[in-house]
Amino acid sequence: MDDALLIAGKRFTSRLLIGTGKYPSFEVMKQCHEASGAELVTVAVRRLDLKAQGEASLLNWIDTSQRTLLPNTALCYTAEDAVRTCRLARELGMSHWVKLEVLGDEKTLFPDVEQTLAAARILVKEGFVVLPYTTDDIIIARKLEDAGCAAVMPLAAPIGSGLGIRNPHNLRLLREAVKVPVIVDAGVGTASDVAIAMELGCDGVLLNTAVAGARDPVRMARAMRLGVEAGREAFLAGRIPRKAYGSASSPLDGLVG
C-alpha cells in the first residue's frame, strides 16, 4: 500500500526523522541514518563547523541523494535569531526547508510559542517550508497552521529526556485539530514510545538522543524504524475497543453442554 508521508507536496516513504547530534562519531551517525531508513535529517546550523572540510565536516557524512537536509534553529531564543539562522542555512545551500526551534527556557528547553509563531510568519512569507517545534497546545498548533507551516511538531517530553509520551490525550486532540502533518518531536526514549506516538495517529516522529545515546546506537536506530512501522500499521488497522471486563476469544454459540 502507498502510505507515504506528504509534507508540502513532497513524498517520503519513511515516517521517521532523525538528527545528527551527540553520536560517538560521524561514522556511527551515518550507520544510524542508514539503519533508521529516515529520509529527513536535521542539522543544527549554529553547531556546524563551517570551516571543516572533507571527512571533518558533518555534512560530508550525510548522503543527500538519499536524504533531505532539514536545517534547524537549535540554540535560538528569539524570533530574530531563528530567522537569521534560517537565512544563513539557505545561503549556504543547505535547504529552504527548516525545523523552526525557538526555545523559551534553558532548563526544560520548552519552546517559546509566541516567538515561534512570529518567526514562522516571517519565514513562510520568505518562501521557507517551515516545520515548527511547539508544545502540545492545539490553539498554537492551529495558529502555526494558519501561518502557513507545512507541519506542526509537538514535543512528547522535554528534549533529550527520554521520558516518552507524557500526554497522549493532548497529542490525539492536536492530531484532530489540524490538517497538516503532526510530527512528534523530542522526548522519546525507546521504540515503544515511537509506536505509541504512531498509534495515536501522529504522522511521524523526529528523534535524536534516543538513538545517539543508546548503548548500541545502530541497533536502536533499527528498532525505532520498526517501532514507527508497527505503530503506523496498528493505527491503520484500528485497535479493538477497551472493555472493563473479559471477553472470550472463542465464540460461545453452539457449545455442547
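Hi everyone. Before we start, one definition: the axis of a helix here is a line fitted to its C-alpha atoms, over the stretch in contact. Please keep in mind that this is a predicted model.

Let's begin with helix 2, residues 79-91, and helix 3, residues 113-125. How do their axes cross? They come within 8 Å and cross at roughly 35°, and the crossing is right-handed. If you want to find the contact on your screen, look on helix 2 for Ala79, Ala82, Val83, Cys86 and Arg87. Their partners on helix 3 are Gln115, Ala118, Ala119, Ile122 and Leu123. By class, that contact of helix 2 with helix 3 has eight nonpolar residues, one polar and one charged.

On the helix 6 side you'll see Ala191, Val194, Ala195, Met198 and Glu199. They meet residues of helix 8 including Ala223, Met224, Gly227 and Phe235. The contact of helix 6 with helix 8 divides into nine nonpolar, two polar and two charged residues.

Last, the cysteines. How many disulfides does the model have? With sulfur atoms required to be within 2.5 Å, the count is zero. Take Cys202: the nearest cysteine sulfur belongs to Cys149, 17 Å away. And is Cys202 buried or exposed? Cys202 is buried, because its relative accessible area is 0%. Cys32 is buried too, at 0% relative accessibility.

Terms used. Residues numbered from 1 in each chain as written. Predicted model: local features only at pLDDT ≥ 70, side-chain atom pairs only at ≥ 80, totals over all residues. Heavy atoms only, no water. Buried < 20%, exposed > 50% of the residue type's maximum accessible area, 1.4 Å probe, protein only. Contact = heavy atoms within 4.5 Å. Helix = DSSP H or I, 4+ residues; strand = E, 2+ residues; numbered from the N terminus. Nonpolar A, V, L, I, M, F, W, Y, C, P; charged D, E, K, R; others polar. Axes fitted to C-alpha atoms, helices over the stretch in contact; angles between N-to-C directions. Left-handed = near helix turned anticlockwise from the far one by under 90°.
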